[in-house]
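Dear colleague,

I am passing on the structure that we spoke about, and below it you will find my notes on what came out of it. Please read them with the model open beside you.

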Amino acid sequence: MTDVAQPSSAQDVRDWDNTFNMHPWESMGTAPADRMIAARGEGIYLIDPDGRKYIDGPGGMWNVQVGYGNAEIAQAMADQAMALPFNSPWYFASDPASQLAKKLTELTPGDLNWVFFTTGGSSAVDSALRFMQFYNNLKGRPNKKITISREKAYHGSTYLAATMSGKERDRTFMDAATELVRFLPDVSPLLRPDGMSIAEWGDEKIADLENLITDVGAENIGAFIAEPILASGGVIVPPDGYHARTLEICRANDILYISDEVVTGFGRLGHWFASEEVFDIVPDIITCAKGITSGYAPLGAMLVSDRLVDELKAEDRGDVMFSNGFTNSSHPVSCAAALKNLEIMERDGVLEHVREITPYFQERVRRLERFDVVAEARGVGLVGAIEGAVAPADASEEDRLRIDYEFGARIDKACEARGLIVRPSINMCVFSPPLVITREQVDDMFDILEAAIAEVESSLTSRDL
Ligand SMILES: Cc1ncc(COP(=O)(O)O)c(C=O)c1O
């Protein structure tokens, strides 16, 4: 019998983690990472091995909608694991997967009435892109395969999904299927020239799409993929009407519109899905994951319209199949977690709560602009971001990056010392707490953040720059 070694201290955990566990976006630097250890969670709080409580500002990774320590979800998962922990999605129908598929189609906009379960967001995006390829192959359009994506987009970490991601830093040492993608310029209104209105900026971004379609040729473009708000790219909210206008252009050019709701789905903006309720579009495909289980189990889904599936069924010659799927597609324990999560969100009025608390949350976000070191504070729903502005205008690119990293790291440290997890991305801090956060807890979170920013602002001297 082999013994499984038990760590005898938090330091063991950290050492073993640094020695054996390669994390996502692992730095190949030689200094050991100094990651916090989260031992437990309770509501909106993470608790370290010494019992210290921290508000979880990022809400896991924008996904712990109903908060930590939910006994009902844990019980539903345990019950399902005892009844049947796994069944092949190839050969069996299962109760939790069929129930969840039916439930999801009641929550989706328009005729998005088919659900393809995946293991997370990346595999949902991959499946959507492979579905587009399959669709065009069947329709006899083998060249209509390029996808239009956008700078600063993030769509996942599998090869095809990563290919669609437009975050420059993530591509530095990594390959991508570049022949399958074209990127539109950043839509962030912060980048518009002096004197240009946001509406004019929006017109320009629409023209970017039209021009790209003209350049590449609609006959070569299969899909347009867009997050309703560019989430990990910096909480970029596009100008009003952007999504409706891009959808119209896609429809006119027979280009499938994929709305990547991995972050915005399941309540983050106060609705099950943001596409129709917030941005007034019914896309052809929605991809989702994260909040579907509140992070209690891995699960994702691609939601496809009746229109597309009906078109494919009409092409059926008896030998056509969508050869895509995963051992853990429709995983029963994940589906049971999702069903209980959705039931709790409905029963406890979580979406209503998000809509009610959003104006106050956003007011507290905007208030952060009073600090000189904050260039912009922005957001929508229960998502907010601040972007630091500390590097002098004439700093070199290298200096700017160094200073930006330093700014993020100092905010992180100052927040953590006060009981708030921030985890900045370079010079940006994003807030997407559990959706059950109360008004008092919103105050606690932003009070800590303001104190931390004030400390960092006063600690910055010309020597730092
Ligand atoms: C918009 C978006 N799409 C896709 C993904 C990938 O999801 P996952 O990490 O579950 O594979 C993410 C992850 O953050 C995301 O933000």
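In which hand, left-handed or right-handed, does α4 pass α11? The crossing is left-handed, a word used if the near helix is turned anticlockwise from the far one by less than a right angle, with right-handed used if clockwise.

Two points on the source come before the rest. This is a predicted model, in which local features need pLDDT of at least 70 and side-chain atom pairs count only at pLDDT 80 or more, while totals for chains, interfaces and linings use all residues. Residues are numbered from 1 along each chain as its sequence is written.

To stay with that pair, helix α4 (residues 95-107) and α11 pack at an angle of about 40 degrees with their axes 8 Å apart, where axes are lines fitted to C-alpha atoms, for helices over the stretch in contact, and angles run from 0 to 180 degrees between N-to-C directions. The two helices α4 and α11 are therefore oblique to each other, since angles under 35 degrees count as roughly parallel, over 145 as roughly antiparallel, 65 to 115 as roughly perpendicular and the rest as oblique. Helices (H or I, at least four residues) and strands (E, at least two) are DSSP runs, numbered from the N terminus.

Helix α11 (residues 332-347) also meets helix α3 (residues 71-83), their axes coming within 8 Å and crossing at roughly 150 degrees, and α3 and α11 are therefore roughly antiparallel to each other. The crossing of α3 and α11 is right-handed.

On the domain level, the assignment, which is automatic or from a database, gives domain 1 (10-66 + 349-459) and domain 2 (72-347). Their C-alpha centres lie 26 Å apart, and the contact takes 25 residues from domain 1 and 20 residues from domain 2. On the side of domain 1 that touches domain 2, α12 gives the most, with five residues.

Finally, the ligand has 15 residues around it, of which Gly120, Gly121, Ser122, Gly156 and Val262 come nearest; a residue is near a molecule or strand if its C-beta atom, placed from the backbone, lies within 6 Å of it. Helix α5 (residues 121-138) gives the most to this shell, with three residues.

With best wishes

Key:
Contact = placed C-beta atoms within 7 Å.
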